[in-house]
Amino acid sequence: MSDETKNENDEQVEAGGAEDAPVRFETKIAVLLRDDLETWQRLNVTAFLVSGLGTVLPELVGEPYEDADGTPYLPMFRQPVLVFEGGKEAVTAAHERASRRGLPTAVFTSDLFGTGHDRANRAAVAAVGKGRLDLVGIAVHGPRNSVDKVLKGTRMHR
C-alpha cells in the first residue's frame, strides 16, 4: 500500500463517522498452509510466516495500541491477514507464481520443524534449491489481484 493510500485510509477513519465503515485495502496479506498439518503446526507456521512480512514491509504495521488505563501494547498489521489452505502441489504452485511475480514472500519448509533456532532454520532453507523446497506454508503480500492469482486453486482455511 502506498503511503498516500495508507494516509487516505487513516484520514477516512479519523474524519469522524467513518470508523465503522469497511476499508477496502489495495493490497492483501495472505498465508497459505498445507492442508495436512497438525493444528499446532498450522498456528506455529502462520506466526513465523507473518513475522517476516512486518520486518521488511514496515508500512504494513500500524501504530502501537493503548488501553483506557494507559497500558501500552505492540503495534500490529494495519490490515487483515487472510489464511488459506491447499495440498502440497497447491502450495508449491503458489510459491512459483509468487516468485515469478516478484512478490514479497516468506517460506516455511518441513525441515524447520526439526530445527531449534533461527540460524539452523536459515541453513535448512539454504541447503535446498527453490524448486525442491518441501514447503508447508508461505506468506505473501502484494496487490490484491496479484495475490489472488498466486492463491488460485486454494481455499480459505477452515
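Guide: What follows begins with the salt bridges and then turns to the aromatic rings and other features. The model is a predicted one. Its protein chain has an average pLDDT of 89, and 88% of the residues reach a score of at least 70. Residues 1-17 have a pLDDT below 50, and this stretch makes 18 contacts in the model beyond near neighbours in sequence. Where pLDDT is low, the predicted coordinates should not be read in detail.

Let us now consider the salt bridges. Side chains of opposite charge can pair when their charged atoms come close. In the whole structure, a search finds 10 salt bridges. One of them joins Asp 134 to Arg 34, with the closest N and O atoms 2.9 Å apart. Asp 134 is in the loop between α4 and β6 (135-143), while Arg 34 belongs to strand β1 (residues 27-34), so this pair ties together parts that are 100 residues apart in sequence. The two partners may also be described by their accessibility. Asp 134 is partly exposed, because its relative accessibility is 26%. Arg 34 has a relative accessible area of 10% and is therefore buried, the cut-off being under 20%.

Asp 134 also forms a salt bridge with Lys 88, where the closest N and O atoms are 3.3 Å apart. Here, too, distant parts of the chain are linked: Lys 88 is in helix α3 and Asp 134 in the loop between α4 and β6, 46 residues apart. Lys 88 has a relative accessible area of 42% and is partly exposed.

Arg 100 is exposed at 59% relative accessibility, whereas Glu 96 is partly exposed at 37%. A network of salt bridges links Asp 35, Arg 42, Glu 85, Arg 155 and Arg 158.

Arg 101 lies in helix α3 as well (residues 88-101). With a relative accessible area of 40%, Arg 101 is partly exposed. Leaving aside neighbours within four places in sequence, Arg 101 is in contact with Ser 146, Lys 149 and Val 150. Between Arg 101 and Val 147 the C-alpha to C-alpha distance is 9.4 Å, although they are 46 residues apart in sequence.

We may now turn to the aromatic rings. The structure holds 3 aromatic pairs. Trp 40 is in helix α2 (residues 39-56) and Phe 113 in the loop between β5 (105-109) and α4 (118-126), so the pair links parts of the chain 73 residues apart. Trp 40 is exposed at 52%, and Phe 113 is partly exposed at 27%. Phe 113 also pairs with Phe 108: the ring centres are 5.2 Å apart and the planes stand at 50°, so this pair is tilted. Phe 108 is buried, at 3% relative accessibility. Trp 40, Phe 48, Phe 108 and Phe 113 form one aromatic cluster.

Finally, Tyr 65, Tyr 73 and Met 76 make a nonpolar surface patch of about 330 Å². Of these, Met 76 is placed in the loop between β3 (72-73) and β4 (81-86), and Met 76 is partly exposed at 49% relative accessibility.

Key: Residues are numbered from 1 along each chain as its sequence is written. This is a predicted model: local features need pLDDT of at least 70, side-chain atom pairs count only at pLDDT 80 or more; totals for chains, interfaces and linings use all residues. Side-chain values use heavy atoms; hydrogens and water are left out. Rings of Phe, Tyr and Trp (its six-membered ring) pair if their centres lie within 6.5 Å; planes under 30 degrees apart count as stacked, over 60 as edge-to-face and the rest as tilted. Helices (H or I, at least four residues) and strands (E, at least two) are DSSP runs, numbered from the N terminus. Buried means under 20% relative accessible area, exposed over 50%, partly exposed in between (1.4 Å probe, protein chains only). pLDDT is the predictor's confidence in each residue, from 0 to 100. Contact means heavy atoms within 4.5 Å. Patches are made of residues with over 30% relative accessible area and no salt bridge: like charges are joined within 9 Å, nonpolar side chains (Val, Leu, Ile, Met, Phe, Trp, Tyr) within 5 Å. Accessible areas come from the Shrake-Rupley method with a 1.4 Å probe; for residues, only the protein chains shown count as cover. A salt bridge is a side-chain nitrogen of Lys or Arg within 4 Å of a carboxyl oxygen of Asp or Glu.
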